[in-house]
Amino acid sequence: ASDGISEPPIAGAEDGTQENPGVNPHVWLDPIRAKEMTIFIGEQLAAADPAHAAQYRSNVMAYEKKLTLLDQEYFHQLGLLQTTQLHFVAFHPAFNYLAERYGLTQVAVIEAFPGKEPSAQYLASIVDVIRNKNVRALFSEPQFSPRVIETVATETGRLIRPLDTVETGDFSTDTYVRAMQNNLQMLMAAFSQPQ
């Protein structure tokens with residue numbers, strides 16, 4: 001569903017705080033790219049089941065509207081912030097698409113590869129980046145233990161907030177939108193905290 005969708009550059013690669021994890025599959029974390037995926041999936045379903053093609057296309061149009069409103073909500077809320085330094089550190093390199101869309105800067109990640117714990121030297125380099133760039137926001141993921149990122153938080157005095165990659169959850173029709181709205185609340189809380 002993400003064929004042909006461009007991938008943003010890997011954040012942190014320029015200063016050594018990010019290893020190259022390969023292709024980032026988390027396309028859906030950008031609502032506009034999620035809309036492109038929705039259209040593609042709808043067309044594939046319509047082609048596979050022509051008898052119900054009109055219903056698939058109708059459902060896609062309805063969901064596109066929800067994704068457009070979600071995108072507008074992100075732009076509006078993040079636009080209210082009185083800072084140009086929307087830097088953050090994430091647990092995994094999942095949020096590059098989201099960051100690119102809304103002018104955020106992911107300066108580093110704790111684990112470049114799931115399950116591969118970072119070295120003490122690597123964590124020290126992240127602590128230095130947080131201090132040097134005055135990074136306010138540290139994000140964990142609800143699917144993983146926050147133990148490693150808690151070390152960084154303790155060293156830097158930053159709060160940890162969860163950002164959901166929407167890889168797990170229930171199958172209700174509003175799960176994605178609801179999770180992304182919660183992510184927006186976490187972003188706003190993190191970037192609004194005093195330096």
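The model is predicted: local features need pLDDT of at least 70, side-chain atom pairs count only at pLDDT 80 or more, and totals for chains, interfaces and linings use all residues. Residues are numbered from 1 along each chain as its sequence is written, and side-chain values use heavy atoms, leaving out hydrogens and water. Two packed helices are described by the angle between their axes and the distance between the axes.

**Helices H1 and H2**
- H1 spans residues 31-48 and H2 spans residues 53-79. (Helices are DSSP runs of H or I, at least four residues; strands are E runs of at least two, and both are numbered from the N terminus.)
- Their axes come within 9 Å and cross at roughly 180°. (Axes are lines fitted to C-alpha atoms over the stretch in contact; angles run from 0 to 180 degrees between N-to-C directions.)
- H1 and H2 are therefore roughly antiparallel. (Angles under 35 degrees count as roughly parallel, over 145 as roughly antiparallel, 65 to 115 as roughly perpendicular and the rest as oblique.)

**Helices H4 and H5**
- H4 (residues 120-132) packs against H5 (residues 147-156) at about 45°, with axes 10 Å apart.
- The two helices, H4 and H5, are therefore oblique to each other.

**Residue Phe95**
- Phe95 sits in the loop between strand E1 (87-90) and helix H3 (96-102).
- Phe95 is buried, at 1% relative accessible area. (Buried means under 20%, exposed over 50%, partly exposed in between, with a 1.4 Å probe and protein chains only.)
- Leu29 is 66 residues from Phe95 in sequence, yet 6.7 Å away in space, C-alpha to C-alpha.
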